[in-house]
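Hi everyone, thanks for coming.

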Amino acid sequence: MERLLPYILILALTGFSFFLWQENLELRQDLDRLVDKTAATSAAEHEETPELASYMGSLQRHTLKCGLAIQSGNKELVEFYLHEIEETLEEIEERIPEHDGIVIAKRSQNFMTPKLKQFDRSVDSGDWKRIKSDYKGLVAGCNDCHQATEHGFIRISPEIPANPYNQEF
Ligand code: HEC
């Protein structure tokens with residue numbers, strides 16, 4: 001019996017190692033599944049909540065560039081930025097119904113669509129006095145929506161500062 005003891009021990013250890021190996025394999029598979037699931041969930045969440053602030057950053061840049069183009073009387077460029085602003089607002093309206101529990105899409109339509117239409121018409125007319133005045137109306141629309149969405153502290157100015165860009169307007 002005593003001579004058999006080492007063999008029994010080796011057999012038991014081998015069995016136990018096999019058991020551990022299998023446990024490890026199962027745990028790894030569980031982990032892989034979990035990692036896949038987490039990646040998929042965060043991708044879906046990302047898809048569902050595009051960053052409102054980054055859309056706002058584009059709106060601000062394009063509004064300022066539009067103002068600079070107005071100041072230079074560059075109609076083609078004004079039209080280009082007007083189009084960019086329209087596109088960004090459309091995307092916000094399609095993709096962001098709400099943000100932090102605050103209604104966004106509907107308000108964007110209410111505040112911006114009439115202002116955009118008016119600005120669009122005055123750009124078509126080529127009357128720079130009208131264009132300047134409706135540009136101010138457009139910026140007022142931005143600020144009205146900030147007020148309505150508890151962000152009244154974000155105030156966009158209709159005044160055009162000196163050109164900060166390495167771009168000619
Ligand atoms: C639907 C309402 C709404 C409209 C329309 C709107 N905004 Fe905003 N804006 C917001 C909200 C809400 C925030 C705060 C976003 C956040 O919490 O991340 C914001 C944030 C901002 C910011 C701060 C983020 C930054 O990059 O500094 C700027 C600038 C801004 N908006 C510019 C504009 C401009 C310019 C327009 C018009 C062309 C505009 N917004 C139109 C609701 C609006």
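Predicted model: local features only at pLDDT ≥ 70, side-chain atom pairs only at ≥ 80, totals over all residues.

The chain has 5 helices and 2 strands. Reading from the N terminus, the order is α-α-α-β-β-α-α.

Now the overall form. The C-alpha trace spans about 110 × 35 × 25 Å along its principal axes. The radius of gyration of the chain is 30 Å, whereas a compact globule of 169 residues would have one near 15 Å. As for burial, 15% of the 169 residues count as buried. And if you take contacts between residues at least 6 apart in sequence, 50% of them join residues at least 24 apart.

Let's turn to how the helices pack. Two packed helices are described by the angle between their axes and the distance between those axes. Start with α4 and α5: their axes come within 8 Å and cross at roughly 170°. An angle over 145 degrees counts as roughly antiparallel, and α4 and α5 are therefore roughly antiparallel to each other. On the α4 side, the residues making this contact include Phe-111, Met-112, Leu-116 and Phe-119, and on the α5 side they include Ile-131, Tyr-135, Leu-138 and Cys-145. By class, this contact has 10 nonpolar, 6 polar and 5 charged residues.

The next pair is α2 and α5. Here the axes come within 11 Å, again with a crossing of roughly 170°. So α2 and α5 are roughly antiparallel to each other too. Thr-63, Cys-66, Gly-67 and Ile-70 of α2 make the contact with Ile-131, Lys-132, Tyr-135 and Val-139 of α5. This contact of α2 with α5 has 5 nonpolar, 2 polar and 1 charged residues.

There is also a ligand in the picture. Which residues are closest to the ligand? They are Ala-53, Met-56, Gly-57, Cys-142 and Cys-145, out of 21 residues that surround the ligand. The largest share, 7 residues, comes from α2. Sorted by class, the shell has 12 nonpolar, 8 polar and 1 charged residues.

Before I stop, two backbone details to look for. Asp-100 has a phi near 50°, a positive value in a residue other than glycine. You will find Asp-100 in the loop between β1 (98-99) and β2 (102-103). Is Asp-100 buried or exposed? Asp-100 counts as exposed, because there are 8 C-beta neighbours inside 10 Å.

The other detail is Glu-150, where phi is near 65°, also a positive value in a residue other than glycine. Glu-150 sits in the segment after α5. With 10 other C-beta atoms within 10 Å, Glu-150 is exposed.

How values were computed
Residues numbered from 1 in each chain as written. Near = placed C-beta within 6 Å. Helix = DSSP H or I, 4+ residues; strand = E, 2+ residues; numbered from the N terminus. Nonpolar A, V, L, I, M, F, W, Y, C, P; charged D, E, K, R; others polar. Axes fitted to C-alpha atoms, helices over the stretch in contact; angles between N-to-C directions. Parallel < 35°, antiparallel > 145°, perpendicular 65-115°, else oblique. Contact = placed C-beta atoms within 7 Å. Rg over C-alpha atoms; globule rule 2.2 N^0.38 Å. Buried ≥ 20, exposed ≤ 12 C-beta atoms within 10 Å, placed from the backbone.
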